[in-house]
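Biologist: Could you open the model for me, so that I can ask a few things as we look at it?

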Amino acid sequence: MRKICVKETSALNGEIRVQGSKNTVLPVMAATLLASGVSVITNCPDIEDVHVMCELLRHLHVKTKMSGNVLTVDTRQAENAPLPYSLTGKLRSSILLLGAMLARWQRAELGMPGGCAIGLRPIDLHLEGFLRMHVDVSLRQDMLVCRSFYLQGCEYHLRFPSVGATENMLLAAAGAKGRTVLRGAAVEPEIVELCRYLVSMGALIEGIGTDVLVIKGTGELTPSDYSNVYDRIVAGTYLLTAAGLPGKLKLTGIGEMSYMENTIQTASRLGISVKKQQDGILAISSGQARAGCFESGIHPAFPTDLLPVLIPVLLTADGASRVRETIFENRLGIVQELNRMGAGIRVSGQTAGIPGGIKLTGCRVRATDLRQGAGLVTAGLLAEGSTLISDIGYIERGYEDIVRDLQAAGAVIMYEETDES
Ligand code: UD1
């Protein structure tokens, strides 16, 4: 059983090349199904979620080949097949294959999606949209059975700007007949990238980057290659961690800076001097974080995924802080493990009161979801002694190699093989 051992680290100095974006590449992989042919995706992160998505595609007779960070997807022999829960349950983004399969075959049968246990994560907004597109939706045992004789463009106002539901509707609408108008759509960078990819395949989409998207079904789409953007959450993980430790940390591979503008602003509020450079950013930190009040929100607000990383950093701050989560019910799950390390955080509803000037004590902790796991790594770097993190498979779902990355910046972090689970 592999664990991550993190030791108190005195400074972060060095350069980390930020991996490609997980949440962008997964919908793009689903989108390859909309055309018949070969697509090459570069800067694809070599992470567990991508491997599972490849497995799901292979179940549909799609050939996938990962070579370094280049993923080749060949959909020429793609065939419709039911996707069992044993596979779909491993990944939240498996639900995006529903929109893609409907676009390609007008029918889809698949198990319910899985994903990190950060909340209830229903799919009602996805299904409401499909119903409007004349899709017949039923549940047979644990399988969602969706079919349409005529996938028809529609008008749909999302009650909440769900990232996944917007992506699913975009995928289906690109293969539907007629015009689809999505109002109240999500505006996250991952949506912009998916729109751009669909456009490169021949789809007609207006309003990219706004909350009103108009998609015109064009019939035939053609395969297209995709150069993946950097992972703004991975970049944010390292940038915010730097606020708790002195040093100069350079993050490279960062393209479109606006994708993480709020995270950069938050890092500045914490006291980091962030200098934008040609291929990335340079973070200069005194290691003394400033306390404050922070709140997650939909883009362009502070990303919910980074709250678990921000919280341990705030524990080292010069005073008490407060953070509020507004998207998921269980994003503050990290507090339980941090309190075992001596944090003394109080949670009331979706708000956490974080005392400042706390020196955590390293101990054995357990990762329970992807970003909570990343937050535990940050906590371990700031804690006295050693922190041993188990269930690191959660971290590996989204971080190519968090140990390699942080070692490059001088962190004392390593894998540890143990017999115990
Ligand atoms: C995606 C990201 C995740 C990020 C989140 C918000 C991926 C793989 N994951 O998740 O990292 O934290 O966006 O930026 O891209 N909801 C409903 N009904 C639905 C769908 C969602 O009530 O049908 C609710 C959810 O329970 C949640 C909120 O809407 O409270 C946001 O969910 P959503 O934007 O859909 O997030 P995901 O696409 O799951």
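Biologist: Which residues of H1 are buried?
Modeller: The buried residues of H1 are Lys22, Thr24, Val25, Leu26, Pro27, Val28, Met29, Ala30 and Ala31, where buried means under 20% relative accessible area, exposed means over 50% and partly exposed lies in between, with a 1.4 Å probe and protein chains only. H1 is thus mostly covered, with 9 of its 10 residues buried. Helices (H or I, at least four residues) and strands (E, at least two) are DSSP runs, numbered from the N terminus.

Biologist: What should I keep in mind about the numbers?
Modeller: This is a predicted model, in which local features need pLDDT of at least 70 and side-chain atom pairs count only at pLDDT 80 or more, while totals for chains, interfaces and linings use all residues. Residues are numbered from 1 along each chain as its sequence is written, and side-chain values use heavy atoms, with hydrogens and water left out.

Biologist: What caps the N-terminal end of H1?
Modeller: That is Ser21, with a side-chain oxygen 3.5 Å from the backbone nitrogen of Asn23. A polar contact here is a pair of N or O atoms within 3.5 Å; within protein, one must be able to donate a hydrogen and the other to accept it, and residues adjacent in sequence count only if both atoms are side-chain atoms.

Biologist: And H4, how many of its residues are buried?
Modeller: In helix H4 (residues 96-105), 9 of the 10 residues are buried, so H4 is largely enclosed by the rest of the structure. Among the buried ones are Leu96, Met101 and Trp105.

Biologist: What covers them?
Modeller: The cover includes helix H1 (22-31), helix H2 (48-59), strand E6 (107-111), helix H5 (124-132), strand E8 (143-147) and helix H6 (163-174), and contact means heavy atoms within 4.5 Å. H4 is followed by Gln106, whose phi is positive, near 65°.

Biologist: Is Gln141 buried or exposed?
Modeller: Gln141 is exposed, with a relative accessible area of 80%, and His61 is partly exposed, with a relative accessible area of 40%.

Biologist: Which residues does a cis peptide bond join?
Modeller: That bond joins His299 and Pro300, with omega about 15°, and Pro300 is in the loop between strand E17 (293-295) and H10.

Biologist: Switching to the ligand, which residues are closest?
Modeller: Of the 19 residues that surround the ligand, the closest are Asp124, Leu125, Ser162, Asp305 and Ile327; a residue is near a molecule or strand if one of its heavy atoms lies within 4 Å of it. H1, H5 and H6 each supply at least two residues of this shell, and the largest share, 3 residues, comes from H5.

Biologist: Which residues have an N or O atom by a ligand oxygen?
Modeller: A backbone N or O atom of Leu125 lies 2.7 Å from a ligand oxygen, a backbone N or O atom of Ile327 lies 2.6 Å from one, and a side-chain N or O atom of Arg331 is 3.2 Å from one. Taken alone the ligand exposes 740 Å², of which the protein buries 88%. Such areas come from the Shrake-Rupley method with a 1.4 Å probe, and for residues only the protein chains shown count as cover.

Biologist: Last one, what about Leu310?
Modeller: Leu310 lies in helix H10 (residues 307-315) and counts as buried, at 0% relative accessibility. Leaving aside neighbours within four places in sequence, Leu310 is in contact with Leu240, Thr266, Leu270, Phe294, Phe302 and Val323.
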